[in-house]
Structures are given as C-alpha cells and as structure tokens.
Amino acid sequence: MHALGPAPACALSVLLLLVASWRVGSTEVHSLQGSWRLSNGNGSLVLGGDVPGCVHTALLRHGLIQDPYHRFNDLAYAWISLDNWTYSRDFKTPFDIRKWQKVSLVFDGVDTVAQIVVNNVTVGRTDNMFNRYSFDITDVIKEVNAIHVNFVSAVWYAAEQSKNHQAYKVPPECPPPVQKGQCHVNFIRKAAALETWWPRGHGNQTGYNMTTTFIAEGGCKIEKLSKVYFRTVELVEEPIPGSPGLSFYFRINGLPIFMKGSNWIPADSFQDRVTSKRLRILLQSAADANMNMLRVWGGGIYEQDEFYEMCNELGIMIWQDFMFAVALYPTDHSFLDSVRAEITHQAKRLKSHPSIILWSGNNENEAAIAYNWFSIPSAKKSVYADDYVTLYVKNIREIVLAEDETRPFITSSPTNGLESAKEGWLAHAPYDTHFGDNHYYNYVSDCWDWTTFPRTRFASEYGFQSWPSFSALAQVSSEEDWSYASNFSLHRQHHANGNDQMLHQAGLHFKLPQEGDPLKNFKHSIYLTQIMQAQCIKSQTEFYRRSQSEIINGEGRTMGALYWQLNDIWQAPSWASLEYGGKWKMLHYFAQCFFAPLLPVAYEDKDALYIYGISDLHADYELTLRVSLHDWGLTEPVCTLAKEGVLIKGGAAVPIYKEPISDLLKQCGNCTRQSCVVTFFLEGEEELSSPSNYHFLSSLKDAVGLKNPQLLASVSQEGDQFQIILEATAIAPFVWLDAGNIPGRFSDNGFLLTEKRRVILFYPWETTSAKELEKSLSLTSLTDIS
C-alpha cells in the first residue's frame, strides 16, 4: 500500500557481545563493537567498517560512494545490495578461557542472511534481522581469535527462497514498478522499507525504580536496576445501541481514550544513522503536536529499546505491528521456525514497556486476501487462507498470548476484530465501518467534502502526500532538478500518479502557480502541496474527532485518528508531516491544533454552519463560544458573536452551534461567501481556552478582496529561543515562515493571519543567533501565488 524510500543492504546493525558463564550467578559480558574490516565478495574492496554499522555508511565514510539519498543514487548504488559482504576482525579473549564452562557469541541484530565463522569453524547462521542470535563457541574460542560474518545478498537469497517454494506462488512477487522496490521481500525476514502510567494528556507517566536481587549458592549476589510501570489496557469490542456491529476503542486504566496520532516508519534507511538526538526530535515533535499514539508500521522494523523508553517517558502509546506487510508469506517449517524465534524474542524484549498497548499481526494482509489484491484464482484462495491462519493465528497469536497476557492482540490492520475471528479470522469485508479499524485513501474526491470520509470506528490510516521543503531537496539534488516535472521529481515519487494527484487536489480550491521563473514556480508548488496536505488531513481528522460521540445511519463512535504518516525515511514527496531530519511540514503545525485537547470544529450541511465542541478533558466545563466574520480586505473583524454558557462535556464531542449561512452573513453587513471567512474559539475561566479555528465559505481561488499583506518580520533572542514579531497590512491565509537549514521549529506556522501584529517563537535544536535566523528566514502567504 505504501511506497517508501530505498531498502538498503545493511550488515551488523546493533550490538555484538561475548557472554561467558563460569557458574550460576557468574557471568561476564564483553562487547565486540568498534572497528572491523569490511570486504566485498571478490575482495576487490577492503576497508574499515564500524559495528554497529552498515555497508552503505562505511562506503560513504571512506568516500567510495556519495550520499545514497542524492538524486538517483539509490539506483546507482543498487549493486551494493547485490554483492556479498564480510565483516571480520581479530580479538583477544578478555578472560581466562580455562575457567569458563560456556562462552556464547550474541548478535542483537544481523541484517539479514549471514554465516558466522570463528577460527575457521562455522558456529551458526542467521536469516532474520528481527531476531536475537546466540551461538555457543565454548569449543572453538582461543586466546586470540578470528571472526568472520559472511553476508549473502538479501536480494539473491529472497529470490532463491521464492524459487525453491514450488508448491504455489506467494504474492506479490514484485512491487509495482513505481515503488522501485525489490522482488520476493516476503520470503525474507528483513525490513521492507528501507496508580499509574497514563497516556499523554491524561495524567503523569509515573514509573518506579526497582532493584531485583539474585542470591545464588555460595553467597554470590547479582543486582539489576530497572524501571517499572503500572497501567491497564483493554480493547473494547461490544454492541452499540442504535448501530449494528461492535465498538472498537481502548480503555487505559479504565478510562476510554480517543487516540490521536500518526504512523511511524523507520527514521532512516541506514539504522546506524539513527541517533538518540534524532529519535528525541521526532518523538518530542509528536508529543508537541498533542499526539498520544503512534502505530509502528509492519513494513519497517521493530524499533530499538531507546525508542520505546522515550515513548514511555513522553506518554505516547504504541500500536505495535509485527513485521509483515502487504504481502502473503510462506508457511514451510524453516520459515515458521524463524518467525517463531523472532516473535518470541520481540515479545519478551518489548513487553515491559507500558507505552505498547496493542500487538497487531500484520499490515493489510487480511484485506489483501479478502479483496484479492494479488489476483489469486478462486480455486486456490483456500491455500492462502490456510497459510494466513497458520502464520498469524496458530503461530504468532499463540506465542504472543503465551508471552504477554497484559495486552490485546489483533491479527491484522485493518480488521473487523472479533467479527474477523468469528468468520474464521478472515472477514469477507475487513473495511466494514461497523467493526474494527479502517484504512482509507482517496486522492480524487474533494477532501473538503466531509461526506466522502468513512464514519469508521477507528481510523488507523489515512493521508495525502506533499513535497518536503526546498531546503531539504536541495541537499540531494542539482539545479537542473528544481522543477515539478523534472526527471528527479518523477524519480523521487514512489506512488503511482502521486505528483499529479497533489496538483489535482490543490487545484480544486487554489490557483496553481503560473510563474515565469521555473525555480520560483517549483518553490510555490512545494508550498501549495503542503497547504493541500495540511488542509485535507485537517478536514478528515476533524470529521473523525467530531464523530466520536454519535451514531448516524448506524455508523460512528470513532475513537481513533492516526494519519499516515509521521516521519520520513529520505528527502522525497510523501505522506509525512515531519520531513527527513525532523523539520515540520505545514501538516504538523496543523496537527498541533486539530489534535488539541479542547477544540471547536465546523462543517456545513444543507447550507447551515455547525460547530461541535470536542474535549479530551476529564471534566465538563461551561465555556463561551466566540464566532467572528472577517472580510478578506480588512484587518478588523466585520462582526463577532458570543454564545455563553456552552456546555462542553469531558471526553466527548457535542454540537454547540447551528446557523444557516445566509442568516450568519446577514448579521455581518456586506459579507458574502467569497468575501469573508469565519473564525471561532472557546474560552473560559482560569486561562482555559481552545486554539482559534476557521471555516472557509468558498474555495480560496474564488476569494474576493485578498490583498498582499506586506509581511514583515523582526527577530530577537529571548533566552534559549527567538521571538519573531510579524506585521501585516491585510489578512493573509497560510502564512509560512521558513528558517531554511537552521534546525528547529516555530510555535505556530501555516496559520490564517487575521491581526496586524503577531508574535511567533522559534525553538532552535542547535545553537544559532538572531542574525543568522533573520538572514535565513523567509515569509510566504497564499497571496504570493500567481
């Protein structure tokens, strides 16, 4: 379903250890990470390679290749994944081997197919990058040792495994050409792409320091320090009055919680580039946008421990897919043995993290069979259905339930949950809005039209693409690439017709750039795709949030909105709200508002304006709703209406305002749909208020009275952050501040500016100065598009 960046051939991706045991309670652990030798299959390349590390990054560090993300280098360097590679080194045993009963060589991650040789003896083999391997080397270790890790090309290995599986084909053999991926990825366990703890916004993430002491015979004592958390999680699937089907929502510590967030993919194709700092920027950005859940997508990787530890700390709940996505898989003994080891290891490793609240068997594979994505003949469908149940129910599900009874498990996403189980684990219609979760993409229909969205129980995937910033693209491209229709732009797009779809959706409501300057035209096109993406997902997310408390025509009670996707794996057009490196797109700034804990949202139905009050708060409040109409040509509101004593119910979405558009316009003088825009917000006592929201009464390409706002900005430093005073002479839609290559984020961006003066803060992620920021800062609004 999803087209990401290149999937490289990496090698030893995480820690390698020597574990030596003498007697009960006596263990020594020695790391073999550091400098190794790296060579290719025929020995023509020999260079230094770090462990943890990756072939690509080693070649890059030695100047043998350029940035794999630059222009068309993912194609130019395809040879790397087709070659065989060896990591080797010599090491002295750091203990007296005569005293030890057992010595083990432990790999916490090997990507992917490798032969492990110690002192010319093969001690083991690996074929699953998601597993942890331990090999007994007691009989082969010496005082001085030579170790070789011989990697086989994952591309060739997967092809050979597919060839050997002669009983029947396991689709898809290859991804669509536009995705530019490798074939037979489903035959190899490798990343396809590339009191209590409370969720964020609902309480503290309290944990307790625990010391566990083991006392063995002879008085030997071992102490282990760890952090423990307490919380409960329930997946509630029960009948709903007035609706067929079942609910699908989560109760954490007994409290129903609306899930707000996105889908997580690997932060880089080269995992040794993923630092603590990068993880912190990405996860903190999710938290700063009022997200409380991320879905770790099944086409990537099981993330490192530090990822989950940060989520524990930040109160971000994790929907954890197992790594099976958009493919059917074999179920021969060797494959199942590998999968069982993988699932056992990952469940044991991850189950202590309170942030993980759900295990999910796969991404979209139930739907793939139900809707026959791979054109399987009817006579053979039962073969693949049996394989599905064997893999996800009889193996993965049984292992997970045995290892972890504290979390719910679903076999797939999307799924009908209990209804799927009732139908033999493969529902005939897993996109049924009356059950489970739903994935929905529609790039053709008008995204401003809320009636096109499914009123599902839980929206776990939906999205629209946009281009990343020009400053990001400039790092991996040349001047000849800087146009929307360049070969580079076409090559970077891994979703069929994606570039055209973005312009189609934008053209429904905005004037498309018609600049004579190609570079200016390209930059404005980038800006417009980000507006389109942000506005589309705003419309869809607000629809899901206001649907949480009502049933209409048997549908509703939506209790989750996770858009696709949070982060990016390289610099390219994608569905992400955070571009590669962490820079916020316009969508992410919008998410700060549409995921706010208190929010009014508006929509039109039969020429009437409705406003709902949405609250994630735990109590009811009486607030004031203020509604203003602004003329595009003026800097003061035409009129403001106040509705006092509005009851906003905690943990609910309720209608609080209804007015025919014609009556509203009459109350405000000469306003028309084309000349005015509506803004509104909620306010109460003790600084309780919502963000200001807006509703366009017509397409912006039909707006009357828009003027050049003559935007000006002055920058000053205020402690560790910067204050930007923004001045304008007219209302400005989608005001965009860009700091170029200076890492950091603004307090707000992409906003509708309705005042003459506004203060914006910039939070830098690295040291900079007011002078540097002012020099790099650029300002754009919709009135600049011509």
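I count a contact where heavy atoms lie within 4.5 Å. The model is predicted: I take local features only at pLDDT of at least 70 and side-chain atom pairs only at pLDDT 80 or more, while totals for chains, interfaces and linings use all residues. Residues are numbered from 1 along each chain as its sequence is written, and side-chain values use heavy atoms, with hydrogens and water left out.

**Entry 1: Thr558**

I looked up Thr558 in the loop between strand 24 (555-556) and strand 25 (560-563). Helices (H or I, at least four residues) and strands (E, at least two) are DSSP runs, numbered from the N terminus. Is Thr558 buried or exposed? Thr558 counts as buried because its relative accessibility is 0%; buried means under 20% relative accessible area, exposed over 50%, and partly exposed in between (1.4 Å probe, protein chains only).

Leaving out residues up to four places away in sequence, I listed the contacts of Thr558 as Phe258, Arg455, Thr456, Arg457, Tyr544, Ser547 and Gln548. The Thr558 side chain comes to 2.5 Å from the backbone oxygen of Thr456. I also noted 8.6 Å between the C-alpha atoms of Thr558 and Ser247, which lie 311 residues apart along the chain.

**Entry 2: helix 13**

Which residues of helix 13 (residues 498-507) are buried? I found Gly498, Asn499, Met502, Gln505 and Ala506. They lie on the same side of helix 13 because they cover an arc of only 135 degrees around the axis, taken from the directions from the helix axis to the C-beta atoms. These buried residues pack against helix 12 (487-492) and helix 14 (518-546).

**Entry 3: helix 6**

For helix 6 (residues 305-314) I recorded Phe307, Tyr308, Met310, Cys311, Asn312 and Leu314 as buried. Their packing partners include helix 5 (276-288), helix 7 (333-350) and strand 18 (317-321). Gly315 follows helix 6 and has a positive phi, near 75 degrees.

**Entry 4: the sheet 37-35-39**

I traced an open sheet of three strands in the order 37-35-39, with antiparallel pairing; two strands pair if DSSP finds at least two bridges between them. Strand 37 (751-753) and strand 39 (778-780) are the edge strands, each pairing on one side only. Neighbouring strands of this sheet are turned by 40 degrees against each other on average, direction ignored.

Strand 35 (residues 732-738) is joined to strand 37 by two bridges, and Ala732 has Leu753 as its bridge partner in strand 37. Helix 14 packs on the sheet, touching strand 35 and strand 39, and its direction makes about 115 degrees with that of strand 35. Axes here are lines fitted to C-alpha atoms, for helices over the stretch in contact, and angles run from 0 to 180 degrees between N-to-C directions.

Technical notes
A polar contact is a pair of N or O atoms within 3.5 Å; within protein, one must be able to donate a hydrogen and the other to accept it, and residues adjacent in sequence count only if both atoms are side-chain atoms.
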